[in-house]
Amino acid sequence: MQNSSGGSQIKSSVSKDSAENDGLLAWFALNTNSDATDNFRIKYPDCCFPQPLIPHILNLNQEEAGVVAQARSVLAWHSRYQFCPTCGNDTKVSDGGYKRECLKENCPSLQGIHNTCYPRVGETIENAVRREVAEETAVEVGRVQYVSSQPWPMPSSLMIGCQANALSTEITVDKEEIVDARWFSRQQITEILNKQGHPISIPPQQTIANRLIRQWLKKNSNL
């Protein structure tokens with residue numbers, strides 16, 4: 001893909017070993033000038049440059065369109081945040097391009113770590129739920145249903161609450177973002193809500209987590 005400003009290109013690359021091991025496809029995005037893209041066309045005559053992006057992106061399937069949107073957004077974000085917005089110092093790329101870190105050791109922004117966004121750019125709410133649950137608990141999630149949202153006391157942030165169907169039950173916590181995760185039956189949750197002094201507590205009523213739990217109690221076993 002090449003944008004009208006002279007330069008975004010997205011390509012996919014996967015080694016034979018990685019494809020055989022996990023079946024995952026690696027996508028890479030980089031900024032290029034017109035000369036570089038012309039040379040790329042010569043070397044790879046079957047490549048595709050959907051320019052202008054709209055309406056060409058409408059001809060892509062959902063997965064391909066998501067990759068293109070994600071890559072273009074990340075490249076645009078990097079072009080705007082080459083310098084730390086807190087202290088103005090240079091930044092470096094980390095986490096495969098999803099984060100920039102300030103190079104100033106005593107930066108007030110705690111090393112100036114800046115994320116592109118969350119959910120990730122080019123990612124739907126449903127896919128963000130599936131990815132996060134898998135990363136933190138190793139549980140595979142199928143159908144996802146949006147429930148409600150809540151203001152979050154962080155800059156440019158909004159808490160989004162969803163309910164989902166689990167396709168697997170074995171839990172492996174990441175020990176970084178969460179310490180413990182387990183399954184509870186409706187009877188167990190009801191006991192926790194009604195019994196004072198229970199060793200397990202439910203988040204306060206004003207939280208979205210509390211609303212999600214109480215709404216789940218009122219539903220049947222299928223979303």
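A contact here means that heavy atoms lie within 4.5 Å. The views below show a predicted model.

**View 1. Helix α7 and the strands that cover its buried residues.** Helix α7 runs over residues 208–218, and Ile208, Asn210 and Leu212 are buried in this helix. Strand β6 and strand β7 (158–166) are among the elements that cover the buried residues of α7. The next view takes one of these residues in turn.

**View 2. Leu212 and its contacts.** Leu212 belongs to helix α7. Its relative accessibility is 17%, and because buried means under 20%, Leu212 counts as buried. Leaving aside residues up to four places away in sequence, Leu212 touches Val147, Gly161, Cys162 and Gln163. Ser148 is 64 residues from Leu212 along the chain, yet the C-alpha atoms of the two are separated by 8.6 Å.

**View 3. The hairpin of strands β3 and β4.** Strand β3 covers residues 91–94, and strand β4 covers residues 99–102. The two strands pair in the antiparallel sense over four bridges. Within this pairing, Val93 has Arg100 of β4 as its bridge partner. Four residues lie between the strands of the hairpin. Ser94 is part of strand β3. This residue counts as buried because its relative accessibility is 13%, and buried means under 20%. Beyond residues up to four places away in sequence, Ser94 touches Lys99, Arg100 and Glu101.

**View 4. Asp95 in the turn of the hairpin, with Lys99.** Asp95 is located in the loop between β3 and β4. Its phi is near 50°, a positive value in a residue that is not glycine. A salt bridge joins Asp95 to Lys99, with the closest N and O atoms 3.4 Å apart.

View 5. In one of them Glu123 meets Arg131, and the closest N and O atoms are 2.8 Å apart. In another, the side chains of Arg131 and Glu135 meet at 3.5 Å, N to O. Arg131 and Glu135 are four residues apart in helix α5 (residues 125–137), so about one helical turn separates them. Residues three or four places apart in an α-helix point the same way, because the helix has 3.6 residues a turn. Arg131 is buried, with a relative accessible area of 14%. Glu123 is partly exposed at 22%, and Glu135 is partly exposed at 39%.

**View 6. Ala138 in the loop between α5 and β6.** The loop that holds Ala138 leads from helix α5 to strand β6. The phi of Ala138 is near 70°, which is positive although the residue is not glycine. At 41% relative accessibility, Ala138 counts as partly exposed.

**View 7. The aromatic pair of Phe40 and Tyr44.** A search of the whole structure finds two aromatic pairs. In the pair shown, the ring centres of Phe40 and Tyr44 are 4.7 Å apart and the ring planes lie at 35°, so the pair is tilted. Tyr44 is partly exposed, with a relative accessibility of 38%.

**View 8. Arg186 over the ring of Trp216.** The charged end of Arg186 sits over the ring of Trp216. The distance from that charged end to the centre of the ring is 4.2 Å.

**View 9. Strands β1 and β6, and the confidence of the model.** The protein chain has a mean pLDDT of 79, and 82% of its residues reach 70 or more. Among the elements of the chain, strand β6 (residues 141–151) has the highest mean pLDDT, 93. Strand β1 (residues 8–13) has the lowest, 43. Over residues 1–19 the pLDDT is below 50, and this stretch has 56 contacts in the model beyond near neighbours in sequence.

Technical notes: Residues numbered from 1 in each chain as written. Predicted model: local features only at pLDDT ≥ 70, side-chain atom pairs only at ≥ 80, totals over all residues. Heavy atoms only, no water. Buried < 20%, exposed > 50% of the residue type's maximum accessible area, 1.4 Å probe, protein only. Salt bridge = Lys/Arg side-chain N within 4 Å of Asp/Glu carboxyl O. Phe/Tyr/Trp six-rings, centres within 6.5 Å; stacked < 30°, edge-to-face > 60°. Lys NZ or Arg CZ within 6 Å of the ring centre and 35° of its normal. pLDDT = per-residue confidence, 0-100. Pairing = 2+ DSSP bridges.
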